[in-house]
Amino acid sequence: MRPRIPARAAGWSALALALGLGLGPRVAEAQDGGYALQSFTPSPAGDVFVGVPSPDAAGHLAPRGYVMFDYAHRPIRLAGGDVAVVGGQGVLRLDAALALWDRLLVSVDVPATTLTVGEAPPATLGNFTTLEAPRFGDVRIGLRGRIAGDDGGPIQLGLGSYLFTPSGNQTHYAGEGAVRGAFHLALGGRIGDDVGFVYGVALGPELRASDRPHALVYGAGLGLLLADDIVQLGAELGGQTPFGGRVPLSSQPVTTAAASTNAEVLFSTKVRVLGGLTFGAAGGPGLGSAVGTPVFRVLGLIGWTPLPEPPVDEEAAPAGDRDHDGIDDDIDACPDVEGEPNADPTKDGCPASDRDEDGIRDIDDACPNIAGKPNADITKNGCPGDTDGDGIHDGIDACPAAVGVESDDPKKNGCPADRDGDGITDADDACPGAAGDPSDDPQKNGCPADPDRDGIRYGDDACPLEAGPRSAIASENGCPPKPKPRPGTTPQPGGPPTVAIEGDEHFEYMLHGAELVHIVTPDKEKRLNALAAELRSDSVKRAILQGHTDDSGDEGYNQMLSERRAEKLKQWLVIFGRVPADKLVVRGFGATRPVGDNRVRTGREQNRRVEVVIER
């Protein structure tokens with residue numbers, strides 16, 4: 001007659017007793033109550049291996065944590081393995097740890113059985129109570145200290161302990177119903193730099209207040225670090241062997257050792273990104289058939305583990321000079337601010353306190369070498385005033401009493417603009433684009449005396465860029481004779497031609513009678529100046545100025561007009577652009593090379609142009 005199972009043992013005790021009665025000779029005794037079936041004890045968050053605790057505790061007030069799901073397949077099987085009483089058990093756990101002073105690690109682990117599947121044993125073995133989930137497990141509190149070796153070094157030694165609180169459900173085999181504690185000695189370290197190897201070994205007892213036997217818990221692991229420690233590949237072996245007292249039953253006992261030892265192998269991968277976001281997975285087979293040893297186990301985790309700082313050999317590392325002041329950082333009292341040598345070690349390498357003696361410390365003085373005044377604007381604090389109010393302080397203003405503009409030339413910085421460099425500011429220069437002479441007449445001040453060298457001074461010359469005879473008619477004085485159109489043709493008024501460089505970039509300028517210099521706008525003059533600068537370059541052998549017209553006039557007239565247009569550009573480039581005349585060749589093509597449709601106004605405007613072909 002089989003013994004009845006006490007009500008407080010609730011099903012699993014019946015199973016344990018049934019296993020003992022159905023397996024022949026007893027090599028272990030059934031427990032009167034339930035216990036924690038989960039034989040796998042993960043290491044605290046941030047450790048190198050999944051199940052082997054590390055000896056280190058890197059960082060100070062450095063938090064770590066993870067969420068892990070662990071699945072054990074068929075941890076309890078009847079004789080022969082035909083009936084999986086527990087076909088699968090899944091445990092979800094939250095683990096958090098805090099490193100202190102680069103030496104201590106405090107951790108807490110909260111497990112919960114969230115998945116339990118299996119088959120009921122034959123009714124002949126007694127009553128069976130189906131396990132239920134979710135059920136909380138025994139909360140684990142840990143404390144570990146590094147007692148020897150350097151953090152990140154090749155050899156480290158640590159001592160750790162765990163306290164398991166009786167918070168788990170004993171009836172459903174999620175807890176032991178009594179306090180238990182564990183102690184372990186851990187040895188580990190890292191070897192190698194770019195590609196590193198890590199190892200770990202841990203050994204220690206687990207002591208129970210329940211009637212379950214104490215056990216010796218052990219583990220060992222080896223890992224490979226790749227990609228600056230971002231990727232870790234590892235393999236580890238872990239297990240526990242009871243000593244003294246009664247041991248859990250085995251489903252397939254052969255010897256006492258086979259019935260009592262739990263052991264597993266795990267192969268793991270971890271990836272850490274964004275400075276510490278960690279993804280991990282592991283899996284492997286169980287070794288032996290003791291109760292709680294699965295056929296295989298798989299797990300996954302996501303957590304936060306800051307990447308360790310690489311070890312620094314302070315003796316071998318150079319002192320460095322971050323601020324480039326010639327004083328090594330290890331003796332520089334101000335290593336991030338350029339300074340000067342000082343016999344006082346507390347000031348060595350620091351800036352002089354107030355070089356310009358204006359009462360403003362150099363570190364706050366925007367003009368530390370020029371005495372100035374306080375200013376709420378940090379870019380002007382300690383700088384001289386701005387007498388002319390042009391935004392350029394007097395310390396660097398070459399014309400402090402006249403409103404000016406910024407210039408890379410210290411002699412012109414803050415002075416009024418003078419584009420042609422004739423000493424007459426643009427505001428007073430009647431010809432700001434051409435160097436000239438002073439004149440009491442505002443309309444002649446700064447203008448060349450006789451640009452076309454026809455003997456008629458600028459201002460009196462109606463065509464200052466084209467040589468011509470004197471005339472009593474003011475509008476024709478100094479202008480060349482106008483060509484007369486052939487009978488039956490209509491003179492074509494001049495339009496806005498285009499200057500094209502190498503067929504791509506087009507510059508537009510205005511030709512109006514003989515007063516080009518007056519009506520070229522600053523933007524167009526800037527573009528013509530750029531063309532002139534290009535043509536003055538030694539890389540330019542010559543430039544062909546090709547004049548073109550539309551088809552409004554006859555062939556002879558258009559030929560003459562196209563040559564005149566090109567000649568006007570040549571005169572400007574020689575007189576105002578300072579381009580050597582022997583570099584410029586004038587050619588006219590009349591209306592033979594249109595670029596637009598002469599049937600429409602816009603097309604005719606495009607055809608009235610001057611093209612510049614550069615030969616290098």
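## A buried arginine

The side chain of Arg180 makes a polar contact with the side chain of Glu206, at 2.9 Å. A polar contact is a pair of N or O atoms within 3.5 Å; within protein, one must be able to donate a hydrogen and the other to accept it, and residues adjacent in sequence count only if both atoms are side-chain atoms. Arg180 also makes a side-chain polar contact with the side chain of Asp138, at 3.5 Å. This is a predicted model, in which local features need pLDDT of at least 70, side-chain atom pairs count only at pLDDT 80 or more, and totals for chains, interfaces and linings use all residues. Residues are numbered from 1 along each chain as its sequence is written, and side-chain values use heavy atoms, with hydrogens and water left out.

Where does Arg180 lie? It lies in strand E7, residues 180-191. Helices (H or I, at least four residues) and strands (E, at least two) are DSSP runs, numbered from the N terminus. Arg180 is buried, with a relative accessible area of 10%. Buried means under 20% relative accessible area, exposed over 50%, and partly exposed in between (1.4 Å probe, protein chains only). Leave aside residues up to four places away in sequence, and Arg180 touches Ala36, Asp138, Tyr162, Leu163, Phe164, Glu206, Leu207 and Arg208. Contact here means heavy atoms within 4.5 Å.

In soluble globular proteins, nonpolar side chains tend to be buried together.

Take Leu535. Its contacts, leaving aside neighbours within four places in sequence, are Val540, Ala543, Leu573, Val579, Lys583, Leu584, Val612 and Ile614.

## Three disulfides

A disulfide is a covalent bond between the sulfur atoms of two cysteines. Here it is a pair of cysteine sulfur atoms within 2.5 Å. The structure holds three.

One joins Cys334 to Cys350, S to S 1.9 Å. The link is right-handed, with 85 degrees about the S-S bond. Both cysteines lie in the loop between strand E13 (296-304) and strand E14 (498-501), so the pair ties together parts that are 16 residues apart in sequence. Cys334 is partly exposed, at 21% relative accessible area. Cys350 is buried, at 12%.

## The other two links

Another disulfide joins Cys367 to Cys383, also at S to S 1.9 Å. The torsion about its S-S bond is about 85 degrees, so the disulfide is right-handed. Cys367 and Cys383 lie in the loop between E13 and E14, so they tie together parts 16 residues apart in sequence. Buried or exposed? Both Cys367 and Cys383 are buried.

Cys399 and Cys415 form a disulfide too, their sulfur atoms 1.9 Å apart. The torsion about the S-S bond of this pair is about 85 degrees, so this link is right-handed. Cys399 and Cys415 sit in the loop between E13 and E14, 16 residues apart. Cys399 counts as partly exposed, at 22% relative accessibility. Cys415 counts as buried, at 11%.
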